[in-house]
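Subject: Model for you to look at

Hello,

Here is the complex we talked about handing over. Please open it first, then read the notes below.

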Amino acid sequence: MVSTKLYAAIYVVLFVFATVQVVVEEIGLLEEAYWLAFGLIIALSLIKALFVAGYYQHLRYEPRSLTYLLLGGLLAALALTIASSYSVT
Amino acid sequence: MTHDDHPRDDGPGQAAADERTKPDDGSPRTDGGRATDGGHAGATGELPATGPAEEEHHGFPPMSSVKRWFVTTNHKDVGILYIVTSLLFLVFGGVLALLMRVQLWAPRAAGEGILSALAYNQSVSIHGLIMVFWFLSPFAFGFANYVVPLQIGAKDLAFPRLNALSYWLYLFSGLLLGISFFQGGSFAGGWTMYAPLNIPAYTPSIGASTAILALLLFVVSVTVSSVNFLTSMHRMRAEGLTLRKLPLFTWSILLTVWMMLFAFAALLAALMILSADRLAGTTYFAAADAGGSLLWTHLFWFFGHPEVYIVFFPALGVMAETFQTFTGRRLVGRKWFIASMLLVALQSFVVWMHHMFLTSINLQIKTLFMATTIGISLPFDLMVFSLIYTTIKGRIRFLTPFLFSFGALLLFIIGGITGVFLGAVVLDYEFRGTYWVVAHFHYVMVAGVTALIGGLYYWYPKITGKMYDEFLGKVHFALYFVGFNLLYFPMFVVWETPRRVFEYDPAFAPWHKVATVGGFVLGASFLVMFYNLYTSLWAGEDADSSPWAHSTTAEWAIPSPPPLENYPGIPSYGDGSLSFLDRLGGSDRAADGGEVTDGVDVAGDHATDGGVADDRRATDGGTVATADPATAVERAGGKSHEHDAGDHGEGHGPSHASIWPFAVSVGAFLTLLGLSGLQEGAFAPGLEGGLYMALTGVGFLVGMASLVAFGRERFHGLEGPFGESWPFEGIENTKTGVWIFLASDVVLFGAFIGSYVFMRVASGWTTWEIVPGDPLPGLMNTYLLLTSSFTVVLALVAAEKGSRGGVIASLLTTFLLGVGFLFNKGIEWDHLFHEGLWLDTNVQASTFFLTTGLHAGHVIAGLIVTLYLIVRAWQGAYLEDSGSIEYFGLYWHFVDIVWLFLFPLFYIL
Amino acid sequence: MIGGGTLLGAPLIAAQTDIIPRGSRSAVFNQIYWVFLVLGTLVGVIVIGYMLYNAYKYRAGRAAGSERSAESGEGGPALGELPQGSGGGRKLALSFTLSAVIVISLILWTYGTLLYVESPPDAEESMEVEVIGFQFGWEFVYPNGNTTTGTLRVPTGERVRLRVTSRDVFHNFGIAELEAKADAIPGQYTDTWFIANESGTYQAQCYELCGAGHSYMNATVVAMEPAAFERWYANTTPANGTTNASPEDAATTTASTNHGAKADVAAAPGATAPRAAALETNAAEASAERSLAR
């Protein structure tokens, strides 16, 4: 069983990551190297999302089919986003 | 061997007969047993006759009662409702089409002919919308509702009330569309609703808004239905019915529903944005500099192309079934047929830009989408050949259902070949916007209708217990086929006519006249059908349980019409063919005892899976699984010998009645009708505006009250599993349903974020000005939401520890944090408003307010559920079964995850 | 703009230079269309014929009698069996492969033409006209800034490039006889081109539903001999919003008898314009009513 302690530890991580995202902006990294900062901030969001989905939604402990189900939805959304943005002339 | 109907005929109850509306009730059934039953289904003959208790059905009104049809949640009833309603919409859409054909009798100047320019445009638009949305899919889903549970061996869908809800939302969305004509004219921008013609600046009538909202409601209905079907079809299949072994009609529906789940989520996003543009004044589609017009085409066709297969697949399933039945041959290359459908279903999401070859998309993407488009056409070749080869060496009986299926295949071949023309981009450039396209997609889509009409004749005896008149059926087909080709083939000949115009080259007029005549012949053929089917209800011969030789699927193994709970026992394919296991664990065949044990073993395995997956659930799962076989099977079988007359839902048997789906739909209907009066976020002053406002308020109250009643009602559905439940073994129905819903929500938010990204890319990513000047309110909200997620986790932990106080305290904290989130957002928005930023200020503000607003809407919905949970927890619920808290948590964490992306995208980057 | 496209197409073009249709839009379209039409009809006739032949050959016939006795045939599907397929996979695979080869080669063949159409060889002398759609008409802006409404004049035998956009809603500018077509999207520019080989008038129409006047959203395309065109063009100025008929115009209009009634409509832009204008006014009134209601 996932212990309450682990849940609490994850909560702290999420909290810190959110703060770091704003700190990245505050120190002016966005102005200096936009795409580096962009990658950093999105990566932090991704990690946070994985934590929430994996532990709070306990997907890690469920049959993989649920993960694939969600990845299917995500893939569809990404296909729409990426292909439509790429088509812009 | 006795026929499977006989025990029923002798028994006192006659569930089936009692519930039929036929006046000559009680006359002896003439169906003798079929000589060559093969002994499979015959096994049911030995089953004990169902007792009188079953027929009471806890006060469930009979079919002759009007009340029944308002409260029913039974999949067969809902199926009938879908079929009848969709046929009404066929008439509606058909009349609009005939109006158009009359207008097209000759080239008209403005004001000539029976339709004004705007009336013509309305006819064109609403004809398309009705046929695609309100007729084709619901017609197919009438059959899906009726037949799929029977084919997979389930007694009903996983969520019977949600099924009824889907139907009522569908019906009321259709009513809303009808009303739109009386609100200054309905939507007149084509069924593709291209932007920016779809915004009030160009289509100002209130009715146009109502039509959009009607479609929105329809999409909600589809989403509810998709979740329900997917859960049922994956979780509740009979033993031995692995996905590979599913009948082809069920296969086609399964893939259709998967496509619906994702495709309609994208349409939902498109329609929500459009509604916001029309009602609240956001400026997505008017934003020329940010590709607003193109955004609509992307969103619409991302949905629109899968939609083509969504409407066609069920027809393909019907063709596959009827070809097998009426040729007496199994499908050639069945495996490849299924693989082809699967491939098409997946690929349908990456071909949408072939509808946009003439827009400003770049050449690389055109090339890519040309390739995927050819790719998706090929599997259809295989399916067509597979059907044709199935007829070889068969003994083909040209009965009405087969005639229609066969005709459908022929028409589809023509539709397919003319589609290849469109796949060549150079040709597509010139065909764009002409009657070539019109003719092509009618040959494809109406070929689908043709097959579904075949399905109607095919299942009519099953649904009504009566045979239709074969001669009239053939007359219908002859008229239909001639009318069809007279109507659509001339469109190929004069393909240079531009679409949706009524002034065309006079040289084309003769062909358009032929088409108009064909349209009326096609329309008249339906009169024959309606007459035939209606009179056969009374005059028709009684139908055998299977009037067709060589039918294979489970619905033909039970009486026509089937009794309320479908099967005399638990259907199983455990030994390779259909048998019904005795619910008491006894056996009529030597092997059956073993099968019962098998069945329970399967359930046990699932429980173990669940246990491994999540300790917290182990106890619950274990309880179900380790219950003695008799109880477990009885629970699953859903038969109760207890009388609970008048109080449905209180017994152990499954419930069949609830008025709340209807009531919720009334609420939604009134709310949306009221909202149609909104413009730029405000109701017009004066009486009319006040009326719209009042409607909104009343509708909202009715809807909310009904939802609460819906939640509080004790309703026993079926849980399962009953055998096969890949790939969701060990995940309860509700939980599976929640996850499936969340997957569609991923696409919804994905489409919103995608829209933002697209518009930002189109207008220059780095030059885009972020709306909030300060990320700190956003950061505060991130903290609040993260903390609230954490407290939901704590609530679940407390529930499992049995701490009522802990549950209440955690949920209350969640609620307060959520309110804090909204409060903080309110302050922030207020601040922005005072800075002069409003939804319509610019596209940046529009995307910011709408996307974060959609998220806030999710938060509000979550908070309402939280309140409900708190009240229930106060009353001591959830300590033994923490499922509700867990499922709510899944939703809440999802809302949290969405914010984790919205925050950087809208506040930082 | 053509990066990936050229990569894919380059070897193809090299290999099939002679096969790939080039030339005016009409020529290209007609070649491909007829090949598709003949092959499509052939395939359709064969497949449907084969289908009907089998249906006839394997009909159960009256001797088979009722549905019930039909079942006595051995080996057919039986009630309650688990679904399964019949053999015949090889034949299926073969026909599938054949159809795939036909379809793929046809499309690849046209892809070479697509690349040609998308980026025709540079023609320095070609003229570019901006086409602006509006409810319910077309405006044409020539390189010298001259702007006309409802009539596009072009020289014959010369490539004319169009840069198409819209001022309000989504339209589509198409000249059916010259096989030129492009979406007119607000905020976007789409490109197309055509060559009018014969002088005369052609009709341009809107091919995307755009409102009440969609049916009448026409324009006249007047193809003039190069010399005549040059004379006309030299007389135009940015300020000169000319729809005035030049002497040559009248001549070409009457000359084009082969277009019959269509030409009549086209030749009388004045006849369509008021209709469209009336419709426009209706829409404007409706819009005004709505804002008043608020």
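**Confidence**

Chain C has an average pLDDT of 78, and 69% of its residues reach at least 70. The pLDDT is the predictor's confidence in each residue, on a scale from 0 to 100. Residues 1–16 of chain C have a pLDDT below 50, and this stretch has 24 contacts in the model beyond near neighbours in sequence. Residues 242–294 of chain C are also below 50, with 68 such contacts. Two residues are in contact here if their C-beta atoms, placed from the backbone, lie within 7 Å. Where pLDDT is low, the predicted coordinates should not be read in detail. For the complex, the predictor gives an ipTM of 0.98 and a pTM of 0.87.

This is a predicted model, so local features need pLDDT of at least 70 and side-chain atom pairs count only at pLDDT 80 or more, while totals for chains, interfaces and linings use all residues. Residues are numbered from 1 along each chain as its sequence is written, and chains are lettered from A and ligands numbered from 1 in the order in which they are written.

**Chain A against chain B**

In this interface, 44 residues of chain A are in contact with 56 residues of chain B. On the chain A side, the elements giving two or more residues are helices H1 (4–26), H3 (34–56) and H4 (64–86). H4(A) gives the most, with 16 residues. The chain A side divides into 28 nonpolar, 13 polar and 3 charged residues. Ala, Val, Leu, Ile, Met, Phe, Trp, Tyr, Cys and Pro count as nonpolar; Asp, Glu, Lys and Arg count as charged; the others, Gly among them, count as polar. Helices (H or I, at least four residues) and strands (E, at least two) are DSSP runs, numbered from the N terminus.

**Chain B**

Chain B has 27 helices and 6 strands. Of its 909 residues, 65% count as buried. Buried means 20 or more other C-beta atoms within 10 Å of the residue's own, exposed means 12 or fewer, and partly exposed lies in between, with C-beta atoms placed from the backbone. Among contacts in chain B between residues at least 6 apart in sequence, 83% join residues at least 24 apart.

The domain assignment gives domain 1 (75–539) and domain 2 (769–909); such bounds come from an automatic or database assignment. The C-alpha centres of these two domains of chain B are 39 Å apart. Contact involves 10 residues of domain 1 and 7 residues of domain 2. The domain 1 side has 7 nonpolar, 3 polar and no charged residues.

One residue to look at is Val222(B), in helix H8 (residues 206–235). Val222(B) is buried because 28 other C-beta atoms lie within 10 Å. Leaving out residues up to four places away in sequence, Val222(B) touches Met260(B) and Phe264(B). Met260(B) is 38 residues away along the chain, with a C-alpha separation of 7.4 Å from Val222(B).

**A strand in chain C**

How many residues of strand E6 (residues 171–175) of chain C are buried? The count is 5 of the 5, so E6(C) is largely enclosed by the rest of the structure. His171(C), Phe173(C) and Ile175(C) point one way, Asn172(C) and Gly174(C) the other.

E6(C) pairs with strand E7 (residues 180–184) in the antiparallel sense over 5 bridges. Pairing needs at least two DSSP bridges. Gly174(C) has Lys181(C) as its bridge partner in E7(C). E6(C) and E7(C) form a hairpin with 4 residues between them, and Glu179(C) in the turn has a positive phi of about 55°. E6(C) also pairs with strand E9 (residues 200–206), antiparallel, over 3 bridges. There, Ile175(C) stands opposite Ala204(C).

Best wishes
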